[in-house]
Amino acid sequence: MTSVTGAMAADQCGGASWYGPGFHGKKTASGERFNENAMTAAHKTLPLGTVVKVTNQRTGKSIKVTINDRGPFVKGRIIDLSKAAAARLGTKNSGVGKVCVAKL
């Protein structure tokens, strides 16, 4: 597992969880309302508005999401995907997946 703090110069790999119910409609760190059906994610350090490519390490499938919130706050997790993003990536049903994140 590779972890880079601050601005990412390379891929960052680790756990990806998802969130949606209970947060839908609430304000994100960017000030916009969270939409569990949008292709967005939370990251601890990347600038808000950054677009990243998230790749499922198990399947090789990739998606693009925009960072609009802060988190996750669970050890070993590097990104919290919206419900829609997790579904499209194929990690929603398992709850957590191993991914790599690359800044675009």
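In which sense do strand β1 and strand β6 pair, and over how many bridges? In this predicted model, where local features need pLDDT of at least 70, side-chain atom pairs count only at pLDDT 80 or more, and totals for chains, interfaces and linings use all residues, strand β1 (residues 12-19) and strand β6 (residues 96-103) pair in the antiparallel sense, over six bridges. Residues are numbered from 1 along each chain as its sequence is written, and side-chain values use heavy atoms, with hydrogens and water left out. Strands are DSSP runs of E of at least two residues, numbered from the N terminus, and two of them pair if DSSP finds at least two bridges between them.

Strand β6 is also joined to strand β3 (residues 51-56), by five bridges, and these two strands run antiparallel. Valine 101 in β6 stands opposite glutamine 12, and valine 101 is likewise the bridge partner of valine 54.

A disulfide is a covalent bond between the sulfur atoms of two cysteines, and the term is applied here to a pair of cysteine sulfur atoms within 2.5 Å. By this rule the model contains one disulfide, which joins cysteine 13 to cysteine 100 with an S to S distance of 2.0 Å. The pair links distant parts of the chain, since cysteine 13 lies in strand β1 and cysteine 100 in strand β6, 87 residues apart. The torsion about the S-S bond of cysteine 13 and cysteine 100 is about 100°, so the disulfide is right-handed. Cysteine 13 is buried (under 20% relative accessible area, where exposed is over 50% and partly exposed in between, with a 1.4 Å probe and protein chains only), because its relative accessible area is 13%; cysteine 100, at 15%, is buried too.

How values were computed. Helix = DSSP H or I, 4+ residues; strand = E, 2+ residues; numbered from the N terminus.
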